[in-house]
Amino acid sequence: MTEQTRHEIEITGVGKVFGQGETAFHALRNINLTIRTGEFFTLLGPSGCGKTTLLRVIAGFEQPTTGSLSINGQSVVGLAPNVRTVNTVFQNYALFPHMSVAENIGFGLKMLGRPRAEVAATTDEMLRLVRMESMAHRKPAELSGGQQQRVALARALAPRPRVLLLDEPLSALDLKLRKDMQSELKRLQIETGITFVFVTHDQEEALTMSDRLAVMNAGQILQLGSPHEIYNAPSERFVADFIGETNFLNLKVTARDGSGATVGLPGGATAQARLAEGISPAPGDTVPAVIRPEQVQLCPPGEGDMDGTVTGAVFFGTDTHVHLTLSDGQPFTVRRQNSADQPEPANGTPFGLRLTPGALQILRG
Amino acid sequence: MVGRDFDVRRLPGFGLIAVLTVIMLYLPIVILVVFSFNAEQSQTQWGGFSLRWYEAALNNRQVVDVSLRSLWLALAAAAIATVLATMAALATTRVSRFPGQTMIYALINQPLMVPEIVTGIALLIFVAFLKVQTGYSGMGYLVVAHAAFCIPFAYLPIRARLETMDLTLERAAADLYATPLQTFRYVTLPLLVPGILAGFMLGFVVSLDTVVITEFVKSAGQDTLPTYMLGQLRRVVTPEMNAIATLFLALSLVIVTLFFMISRKRG
Ligand SMILES: Nc1ncnc2c1ncn2[C@@H]1O[C@H](COP(=O)(O)OP(=O)(O)OP(=O)(O)O)[C@@H](O)[C@H]1O
Ligand SMILES: [Mg+2]
């Protein structure tokens, strides 16, 4: 527990501006972030939001324009990459093409001036860890994408860094290999106890692998939390939309209590809703709210919290997405578990909609 | 690649121009080579096959002397030029952009832009001055002049290689605790070898070829193969000259072929 809550990386007010004057571009804006020792931390966001830039700032390839950064309690602003106890798995692997797999893996230790025997022993251990023993003498060009990825991982792990930075290491792999490598990465992280900072724009990957994640957009961190928190309690529309499917509703607040609010639903019923952090709407305000499609059950008309009419249904194997129009015209989707005796709902069928208590979330802004 | 819809071979006159170009390029050389095997001392009358002119050339002390001088001069000049060109290429690609970068690029490529005869005359005046001032008139002048002249030829392939090299490799080395010097030694330099070899070969061939620079810089008794041949041509032209030229051509071909083979294999 004490190990879990130690601070490995502390990023305070970091901003990064590329260019000057007219062409200045803010790639990072006021990033505040604490990454704990030994956790699997993920940066999630759309292309161009600044994920790689933030990793490069941590690795030392880029100096922050403003703010400060410390690793293991020591400020590293101004320190070159080769003196930071941080290793990177690059987006394109960047294996040295003229060296064998074993030479690639041993490179870091060799540069650190470790004795030859230690380099050889660690290289062997790493080869075993990523299950590449039989290919120690191949050149990177003779490896498949997944194998190259494992070598890149082993090379970065061999010097036992305090922190491993991984920049979309799985994005070039096909789905099957990707799934395998996801569990492999997770296993390696647990076995080595090294802090992983993982970058991805795949929300499913982020949810399944991370201890905590930060959702980024346009150079800012929008929300930080466990996968559970991010998925079930998104703080703003972008986060809710980026992670999984969701229903957006504009609702009127009818009453407030300590941690939540009562809102009026289309059709006149009311429901309890949770509030995103830092907001305090007053009764009478119209607020944006979300609820996940799997948090709503279909029931006979009039028996639920709202009523809707089916406009379409899409079959997904284990479940069906039923698209409806609510009584006030807003679109809505319900995910229904499939079972053999249930017919697909026909267009125009009226249904009642029952919301799982506590699943409705009011967003910021 | 270009699709089927556009094929230059279908343009009118394509075949004719191609044939004429090939004739212009190779016919004179073919004739030169053929007559190097002529049994008679004629450049127009074929008198049967013979190796007598090759025998004469190889038994000619002077030919052997100037050939050896050409070879070691080219080796020395290419070696110096390659080292300098490598440093220049690093200094123009592995730095953050600085004002005057294009200017430096132009300066390095001076020999490609200044007419050779102008460089030659400038060197003639300059070197003559130095010879008088220092009393030294050895091969040093030729080595330095050739090296300077070869730099851009060595520079271009090295720079091209550096520009296509993945910068993240050097970043990865730095990430794995390599100092800048170690990064150069273990990553940049090994990957640069094909470019360096290509640069060396080009520099070598250019030095071997150069007539104008040598002609203006050399002192008495410092003829290279090209200037020797030029001198001989002012007298009687026997097929011995064809034989020497053919051998010279063969040497150049071997070097260029080697260069292609090495760059294909390593590239
Ligand atoms: N050296 C640079 N000069 C100018 N702009 C840059 C530079 N590096 C990055 N940027 C800009 O900063 C923004 C963030 O880039 P970054 O590479 O961090 O994105 P990313 O989140 O990693 O995206 P992706 O998922 O596509 O890899 C982009 O708009 C990019 O164009
Ligand atoms: Mg990126």
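**Charges over rings**

I began at A:R237, which lies over the face of A:F248, 3.8 Å from the ring centre. The model I am reading is predicted: local features need pLDDT of at least 70, side-chain atom pairs count only at pLDDT 80 or more, and totals for chains, interfaces and linings use all residues. Residues are numbered from 1 along each chain as its sequence is written, chains are lettered from A and ligands numbered from 1 in the order in which they are written, and side-chain values use heavy atoms, with hydrogens and water left out.

For a charge over a ring, I used this rule: NZ of Lys or CZ of Arg is within 6 Å of the ring centre and within 35 degrees of the ring normal. I also looked up A:R155. A:R155 lies over the face of A:F96, at 4.7 Å from the ring centre.

**Aromatic pairs**

Next I turned to ring against ring. Rings of Phe, Tyr and Trp (its six-membered ring) pair if their centres lie within 6.5 Å. Planes under 30 degrees apart count as stacked, over 60 as edge-to-face, and the rest as tilted. I found 13 aromatic pairs over all chains by that rule.

I opened A:F40 and A:F198. Their ring centres are 5.4 Å apart and their planes stand at 50°, so I noted the pair as tilted. A:F40 lies in strand β3 (residues 40–44) of chain A and A:F198 in strand β8 (residues 195–200) of chain A, so the pair ties together parts 158 residues apart in sequence. I took helices (H or I, at least four residues) and strands (E, at least two) as DSSP runs, numbered from the N terminus.

My cut-offs: buried means under 20% relative accessible area, exposed over 50%, partly exposed in between (1.4 Å probe, protein chains only).

I then looked across the chains. A:F107 and B:Y186 form an edge-to-face pair, 6.4 Å centre to centre with 85° between the planes. A:F107 lies in helix α2 (residues 101–111) of chain A and B:Y186 in helix α9 (residues 180–209) of chain B, so this pair joins two chains. A:F107, at 3% relative accessibility, counts as buried. B:Y186, at 23%, counts as partly exposed.

Ring pairs link A:F40, A:F196 and A:F198 into a cluster.

**Ligand 1**

Which residues are closest to ligand 1? I listed A:S47, A:G48, A:K51, A:T52 and A:T53, from a shell of 13 residues. A residue joins the shell if one of its heavy atoms lies within 4 Å of the ligand. I sorted the shell into 4 nonpolar, 7 polar and 2 charged residues. For that sorting, Ala, Val, Leu, Ile, Met, Phe, Trp, Tyr, Cys and Pro count as nonpolar, Asp, Glu, Lys and Arg as charged, and the others, Gly among them, as polar.

Where does the shell come from? β2 (25–36) and α1 (51–59) of chain A each supply at least two of its residues. The largest share, 3 residues, comes from α1(A).

I checked distances to oxygen atoms of the ligand. One oxygen atom is 2.8 Å from an N or O atom in the side chain of A:K51. An oxygen atom is 3.0 Å from a polar backbone atom of A:G50. For a polar backbone atom of A:C49, the distance to an oxygen atom of ligand 1 is 3.2 Å. The protein covers 61% of the 630 Å² of accessible area that ligand 1 has on its own (Shrake-Rupley method, 1.4 Å probe).

A:R131 is found in the loop between α3 (116–129) and α4 (145–157) of chain A. A:R131 is partly exposed, with a relative accessible area of 48%.

I noted A:R160 as well, with a positive phi near 50° in a residue other than glycine. A:R160 is found in the loop between α4 and β7 (163–167) of chain A. A:R160 is partly exposed at 44%.

**Chain B**

I counted 12 helices and 0 strands in chain B. The C-alpha atoms fill a box of roughly 70 × 65 × 30 Å along the principal axes. Of the 267 residues of chain B, 40% count as buried.

Definitions and conventions. Polar contact = N/O pair within 3.5 Å; in protein donor to acceptor, adjacent residues only side chain to side chain.
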